[in-house]
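Subject: Handover of a structure

Dear colleague,

Please find below the sequence and the structure that I am passing on to you. My account of what was found follows directly after them.

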Amino acid sequence: MQYMNSFMGTLLVVVLSLITLQASALEVVPAVLSSNATQATLLGAAWAKGRVVAVGDHGIVLLSDDLGKSFHQASSVPLSTPLTGVAFVDSRQGWAVGHWGAILASNDGGDSWKIQRLSSNEDRPLFAVHFFNAQQGVAVGLWSLVLTTDDGGKTWNEQSLKAPPGYSRADLNLMGLFADARGSVYATGERGQVLRSDDYGKSWRYLDTGYEGTLWSGAVLADGSLLVGGQRGTLLHGFADGQVWQRVPLESKSSITAIAVSGKQVVAVGLDGLMVRSSDGGGSFQEQKTPDGVSLTAALLNDNDYPVLFSRRGVVAVQPR
């Protein structure tokens with residue numbers, strides 16, 4: 001299938017290996033409490049103020065109230081399908097997305113969730129979600145799927161994308177979302193494309209980075225510039241207008257899967273245990289590897305600027321500097 005061939009060829013099989021197109025309709029089964037939930041594949045993480053919320057395989061949602069030192073599993077998640085992204089606007093209100101176009105909402109900091117959207121006959125996954133405030137949000141996913149809401153997720157509307165320059169249709173897989181302080185939101189995608197929206201995700205324009213591979217993640221640095229990461233150790237620094245992009249030189253060819261920023265502290269993580277850090281707002285970077293080389297899938301920086309890491313084998317211990 002074109003979808004699977006594309007993802008196998010771009011290494012997305014590692015982070016998104018749980019994604020399949022299935023012929024049968026979805027059977028809605030709640031997530032099960034597991035004694036080894038912290039060892040499950042985790043694909044997304046976010047802060048709910050002082051709480052860490054991570055999501056992953058089998059509908060697992062993990063919560064930490066001690067800056068990522070220990071985790072417990074959310075008690076009530078109505079789906080056992082993989083969850084790939086999560087976002088919170090405060091300590092209580094959050095959303096998670098995943099397979100079958102699922103969107104779940106929580107109003108208690110991630111302890112319990114309810115289904116807002118589910119496509120039970122087609123597994124067209126959503127990979128990322130971002131909320132600007134408690135009412136306006138956007139989610140993106142497979143084959144240029146873009147959904148927006150203006151009512152806190154009570155209703156979601158699919159937005160039509162223009163084809164990228166030089167192509168006849170919009171069929172890029174959109175992998176990540178991040179926003180700047182001005183309210184613009186950016187989506188990372190295939191073919192080196194970064195998309196920008198200034199109207200809460202309703203319309204988009206393409207920012208061509210000059211790179212031809214898949215970009216998985218991105219973040220806004222302290223000075224307002226952009227940092228995006230993707231295949232084969234690609235880390236690109238650019239600006240909101242998308243006119244100039246410069247490659248950050250890395251020795252590693254391991255793909256970048258996630259980027260986290262806290263003030264001038266920056267961490268990018270990737271496959272094979274890759275971790276790239278900056279303490280000067282992205283002016284310079286230092287590379288290192290986790291001791292076991294496990295492929296990292298998500299990262300946050302806690303209040304002590306220690307990275308809280310997640311992987312295909314679960315939670316990775318908080319790493320002190």
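Predicted model: local features only at pLDDT ≥ 70, side-chain atom pairs only at ≥ 80, totals over all residues.

Asp171 itself counts as buried, at 16% relative accessibility.

Other salt bridges

The structure holds nine salt bridges in total. One of them joins the side chains of Asp111 and Arg51, at 3.2 Å from N to O. Here the loop between β7 (103-106) and β8 (114-117) supplies Asp111 and strand β2 (residues 51-56) supplies Arg51, so the contact ties together parts that are 60 residues apart in sequence. Is each partner buried or exposed, or does it fall in between? Asp111 counts as partly exposed, with 28% relative accessibility, whereas Arg51 counts as buried, with 14%.

A further salt bridge brings together the side chains of Asp198 and Arg196, at 3.0 Å from N to O. Arg196 has a relative accessibility of 13% and therefore counts as buried. Salt bridges with shared partners also link Arg51, Asp65 and Asp111 into one network.

The largest pocket

The largest pocket contains about 1200 Å³ of space. Its lining comprises 43 residues, and those nearest its centre are Ala45, Leu177, Phe178, Gly218 and Ile259. Two or more lining residues come from each of α2 (12-15), β1 (42-48), β5 (83-88), β9, β13 (174-179), β17 (215-220), β21 and β25 (296-301). Which element gives the most to this lining? The answer is β21, with six residues. By class, the lining of the largest pocket has 31 nonpolar residues, eleven polar residues and one charged residue.

Strands β21 to β24

The strand β21 also belongs to an open sheet of four strands, in the order β21-β22-β23-β24 and with antiparallel pairing. Its edge strands are β21 (256-262) and β24 (286-289), each of which pairs on one side only. On average, and with direction ignored, neighbouring strands of this sheet are turned by 20 degrees against each other. Strand β23 (residues 274-278) runs antiparallel to β24, and four bridges join the two. Within that pairing, Leu274 stands opposite Lys289 of β24. In general, the side chains of a regular strand alternate between the two faces of the sheet.

Strands β9 and β10

Strand β9, which is among the elements that line the largest pocket, covers residues 126-131, and six of its six residues are buried. It is joined by five bridges to strand β10 (residues 137-141), and the two run antiparallel. A hairpin of five residues connects β9 to β10. Which residue of β10 is the bridge partner of Val129? That partner is Ala139.

Cavities

How many cavities of 30 Å³ or more does the structure hold? There are two. About 40 Å³ of space lies in the largest cavity. Its lining is made up of Ala31, Val32, Leu33, Gly59, Val61, Gln73, Ala74, Ser75, Ser76 and Val77. Six of these lining residues are nonpolar and four are polar, with no charged residue present. In general terms, rolling a probe the size of a water molecule over the atoms shows where empty space is left.

Gly101

Finally, Gly101 is found in the loop between β6 (94-98) and β7. Its relative accessible area is 1%, so Gly101 is buried. The C-alpha atom of Gly101 is separated by 13 Å from that of Val138, and the two residues are 37 residues apart along the chain.

With kind regards

Conventions. Residues numbered from 1 in each chain as written. Heavy atoms only, no water. Buried < 20%, exposed > 50% of the residue type's maximum accessible area, 1.4 Å probe, protein only. Pairing = 2+ DSSP bridges. Axes fitted to C-alpha atoms, helices over the stretch in contact; angles between N-to-C directions. 1 Å grid on protein atoms, 1.4 Å probe; cavity = no way out; pocket = protein on both sides within 12 Å on 5 of 7 lines; lining within 4 Å. Points joined across faces, edges and corners; volume = space filled by probe spheres on them. Nonpolar A, V, L, I, M, F, W, Y, C, P; charged D, E, K, R; others polar. Salt bridge = Lys/Arg side-chain N within 4 Å of Asp/Glu carboxyl O.
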